[in-house]
Amino acid sequence: MTGELTRWESDGESLLQSLERDEIFEYLSEGFCRQCKSLLQTRIHSLVNQKVREREIRPKSNNGDIEGSRFLNRQRQETRFTQIPVSSSWRKGSNSHSQSLNNSSSDGRDSEEEQNEHIRASQVVREEEFVYFERINGKPTNVLQGLELHTGVFNAQEQRKIVECVYDLQTMGQRGQLRERTYSEPRKWMRGKGRVTIQFGCCYNYAVDKNGNPPGIVRDEEVDPLPSLFKKMIKRMVRWHVLPPSCIPNSCIVNIYEEGDCIPPHIDHHDFVRPFCTVSFLTECNILFGSNLKILSPGEFWGPVSIPLPVGSVLILNGNGADIAKHCVPAVPAKRISITFRKMDDSKMPYRFLLDPELDGINPLDYSLANHKKVHYNDKSTSREYEPVRTRSNNSFVIEKDDFPPLGSSRAAMNGLRVSKDRSRQRNF
């Protein structure tokens, strides 16, 4: 009897080993809803990782713990979040490559790294189907259709490295080590004016520049290419179903806010296709949406819908949320960084722009999405209308071309302002 049981267990183990992982998962999840399938998949991955951790402790040889230590060190090297060499490798006109945001494989290999990536991707919380109706051209219209908010895409350690990268790029821009139209640091002459901007992939004008170029992508200007770390961020967002593979960004703009800086109401130019996204760092702030946003005073706006942007979150703008509703960022309460990734319209690309093979053919992970939330703003119980803080200032605030100065136009003006307390704080952050 014992021999038959042992033989049955051996045959069963052989059978399980002969089955593909997908076949086992399909059998176990038969009849499950999508959310239950995702939960089962996450638990399976957790169980596998637990077994792997147990196995890490076991390897030993006659040489004591040497073999086990080598095994553990190898595992740590495969899964660690690598240091990013920024200022030493990025120079004017260069496009060097740093190590990946994480070392997860992108070729579909069944590995511990990919299992860990599946687990993290499945834990991303996705707020979608935002709803707020306004009457547009006489018809009730959900002006938030197309918005999505993804949280948990970048963890705290990854956020720190991205912020460090941005500060290194800012220092390079201040030293003149980036192309002229890449870096812009306008003189801060009033509250809400003075965001530092760094743009990669294309030069974009918010207003008519000194050469007469209209708002939009300036096709005969060159800026620096996307930094390697930013390309890793793009790959992460596509693989984790945050951005669609049909709209992979090839440009971005970095905004560095000091306390009180803002972005006035606007709709992003259609030289960029939809969707596009904004990633937030350092400080949570609100972004306002609505077809009719009101300017109250410098840095203070009113809108019917206010959406908090948690640190590390990714906001997707598409559909009505990108094309009918305007959006703005009121004066931020503390230092903030945002990176907006956008894909250029093919017919609007700079004349000398070269496609990046690293961003070609990125494949999303194959897993069921979970953690979905629907948000309705017309319901008073969920409404988050923005209430600005009143100030004593009675100055009127009108959007003019100086609100969005042509990028790079202030380089000469800044030569006499190289040393300031604000900039010293930025370097020492």
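Residues are numbered from 1 along each chain as its sequence is written, and side-chain values rest on heavy atoms, with hydrogens and water left out. Because the model is predicted, local features require pLDDT of at least 70 and side-chain atom pairs count only at pLDDT 80 or more, whereas totals for chains, interfaces and linings use all residues.

The chain contains ten helices and 19 strands, taken as DSSP runs numbered from the N terminus (helices, H or I, at least four residues; strands, E, at least two). Of its 429 residues, 48% count as buried, that is, under 20% relative accessible area with a 1.4 Å probe and protein chains only, where exposed means over 50% and partly exposed lies in between. Contacts are defined by heavy atoms within 4.5 Å. Among those between residues at least 6 apart in sequence, 79% join residues at least 24 apart.

The mean pLDDT (the predictor's confidence in each residue, from 0 to 100) is 75, and 60% of the residues reach 70 or more. Over residues 56-100 the pLDDT stays under 50, and the model has 68 contacts beyond four places in sequence for this stretch. Residues 381-429 also have pLDDT below 50, with 98 contacts in the model beyond near neighbours in sequence. Where pLDDT is low, predicted coordinates should not be read in detail.

A nonpolar core is a set of buried Ala, Val, Leu, Ile, Met, Phe, Trp, Tyr and Cys residues joined through side-chain atoms within 4.5 Å. The largest such core has 41 residues, of which F230, M233, M237, V254, V314, I339 and F341 touch the most other members. Elements that give two or more residues to this core include α7 (228-239), β9 (251-257) and β18 (336-342), while the largest share, seven residues, comes from α6. Apart from neighbours within four places in sequence, M237 contacts V153, F154, V242, L243, C277, V279, V314 and F341. A second, separate core of 24 residues includes Y132, V143, L144 and V329.

Helix α5 (residues 112-122) is mostly covered, with nine of its eleven residues buried. Among these buried residues are E112, E113, E114, Q115, E117 and H118.
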